Amino acid sequence: MKQPKIDKVIFWTGLIMICAISLPILFTPEKTTEIFSIALGFITGEFGWLYLWGTVIVFGLLGWLAFGKYANIKFGSANDQPEFSFPSYLAMLFTAGIGIGLMYWGPIEWAYNYISPPFGMEPRSVEAGDWANAYPMFHWGFTAWAIYCLPALPLAYALHVRKQSTLRISNACRGVIGKHADGLVGKVIDVFFMFGLVGAVGTSLGLGSPLIAEGVSQLLNIERTLTLDIIIVLCWTTLFGTSVFLGLKKGIKRLSNINTYLFIALSLFVIIFGPTVFIISAFTESVGIVLQNFVRMSFYTDSIGQSGFPQGWTIFYWAWWVAYAPFMGVFVAKISKGRTIRQVILAQCIGGTLGCWAAFAILGNTSIYFEINEIVPVVNILNEAGAPAAIISVISALPLGTFVLPVFIVLGFIFLATTIDSSAFALASVASKELHPDQEPARWHRFFWALVLATVAISLLYGGGLSTLQTLSVITSFPVVFILILMTVSFIKWIKEDEINHANTQKEKLNKKVG
């Protein structure tokens, strides 16, 4: 089989747009940050409701698909079997979807909610403490994974059922835009996907690099500097560049499996040797809060109190997931051949949610326990030295912390590597011509996008810092919202058309038999 060629229009337009957004941050960070802040305020202030309503609708739509008459539609022919075992499939979904973000926010997000709680609660009160870790579970729960899952369905259907020749976002919109998927409209859609993905991945690298650098700094007793952050990113580049060069089965699958085993081992260690009873009790209470207040949390805008909590947290998270969603769709579509609509939805929405909840239950509640029992002053460290220092302090305070810290660093390292692997794979897939369903993008092409992601992350981290990265992810997600709408409408149209065609075919066969 010939090596797939690049689509020069998508490749160069995407690269130019990425440079156009990165270079101003690097060379004029203050002015660019000011412009970004204005754009962020406009999107979250004027269109925050769109993200809230949209995610609820997505959640309901997936429920209808998972348990309705279309649930057993298979992505592929009747005889197609899944390419990956179910454990490996779950591992690849989980590690690609959460990256380093879970290792970052897992031990520390509760602290922000504790000192600046929602619903007008008193900071550092018992009530604020009860809600502190419930909100992270909401942000990383069913709704987040529903957003991730939505684009996977039309993309998998286009690739494995409709037999589209390329794994592109524009092809999943073909049911609505028709032949324009091959023209300018399709190119614009694919370029915006690449633009949004770079913004989302840049945020992940911006979170992960300082965290791992802080851990390495404490482990090796060396000063943490920007140079160390950059060295960390370069090491990441080597790891995920090698993995993406090897491909899905030899690279990404192996990294995902290793990461899952390490995550399970670390979780079991903390449960057994950490504050076991407190972890289980607090998790139980958080589950109750989330389930009882799911609707309230989903529609919370604080339009009267104007605290900014839903805009700074919930809407930011929904925008972050939206920016990542098409990438997850491309990746999940590629690995979902032979699986049904129900299997894909439940694997992501339930499997992904339980994995994230486990991390927040174990890491978050251990961190809370250390704070309230004055073992580690987590909140004070957060305020004085920042989140990375607070997170590493929590990990180091665990039993056998000297041994646990290297495991945590390696786990975070590989978590992000698998996300970047998958992202580079998705970028290369979209910028390739005539990519056969059983074919992977050219190796040099995958490796190139891995280098681009690393370079962009370094420049953004150096020029604008974490706040700019987070702002960028929200801004780049906005056009993606409308792409997701096109994909969803296209998918529903396709399955209804194919249902009618199948019914007509069966009717013709029956008439022939009767005749």
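Which helix provides the largest share of the nonpolar patch? In this predicted model, that share, three residues, comes from helix H2, which covers residues 29-67. H2 also gives the most to the lining of the largest pocket, with eight residues.

**Nonpolar surface patch**
- The patch on the surface is formed by Trp49, Trp53, Ile57, Val295 and Phe299, and together these residues have about 560 Å² of accessible area.
- Phe299, one of the residues of this patch, is placed in the loop between helix H15 (276-298) and helix H16 (309-335), and it counts as partly exposed because its relative accessibility is 31%.

**Largest pocket**
- The largest pocket holds about 350 Å³ of space, and of the 16 residues lining this pocket, Gly54, Val58, Leu150, Val481 and Ile485 are the closest to its centre.
- Helix H22 (465-514) and H2 each supply at least two residues of the lining.

**Helix H3**
- Helix H3 (residues 86-98) has 13 residues, which at 1.5 Å a residue should span 18 Å, and its end C-alpha atoms are 18 Å apart, in agreement with that expectation.
- H3 is mostly covered, since ten of its 13 residues are buried, including Tyr89, Met92, Leu93, Phe94 and Ile98.

**Salt bridges**
- Side chains of opposite charge can pair when their charged atoms come close, and the structure holds six salt bridges.
- One of these joins Arg168 to Asp7, with the closest N and O atoms 2.9 Å apart; because Arg168 lies in the loop between helix H9 (152-160) and helix H10 (169-172), whereas Asp7 lies in the segment before helix H1 (8-27), the pair ties together parts that are 161 residues apart in sequence.
- Both Arg168 and Asp7 are buried, and a network of salt bridges links Asp7, Arg168 and Lys187.
- Arg162 and Asp498 also meet through their side chains in a salt bridge, at 3.0 Å from N to O, and this pair links distant parts of the chain, with Arg162 in the loop between H9 and H10 and Asp498 in helix H22, 336 residues apart.
- Arg162 is partly exposed, its relative accessible area being 29%, and Asp498 likewise counts as partly exposed, at 21% relative accessibility.
- Arg174 forms a salt bridge with Asp182, where the closest N and O atoms are 2.8 Å apart, and Asp182 is exposed, with a relative accessible area of 54%.

How values were computed. Residues numbered from 1 in each chain as written. Predicted model: local features only at pLDDT ≥ 70, side-chain atom pairs only at ≥ 80, totals over all residues. Heavy atoms only, no water. Patch = residues over 30% accessible without salt bridge, like charges linked within 9 Å, V, L, I, M, F, W, Y side chains within 5 Å. Areas by Shrake-Rupley, 256 points an atom, 1.4 Å probe, with all protein chains shown as cover. Salt bridge = Lys/Arg side-chain N within 4 Å of Asp/Glu carboxyl O. Helix = DSSP H or I, 4+ residues; strand = E, 2+ residues; numbered from the N terminus. Buried < 20%, exposed > 50% of the residue type's maximum accessible area, 1.4 Å probe, protein only. Expected span 1.5 Å × (residues − 1). 1 Å grid on protein atoms, 1.4 Å probe; cavity = no way out; pocket = protein on both sides within 12 Å on 5 of 7 lines; lining within 4 Å. Points joined across faces, edges and corners; volume = space filled by probe spheres on them.
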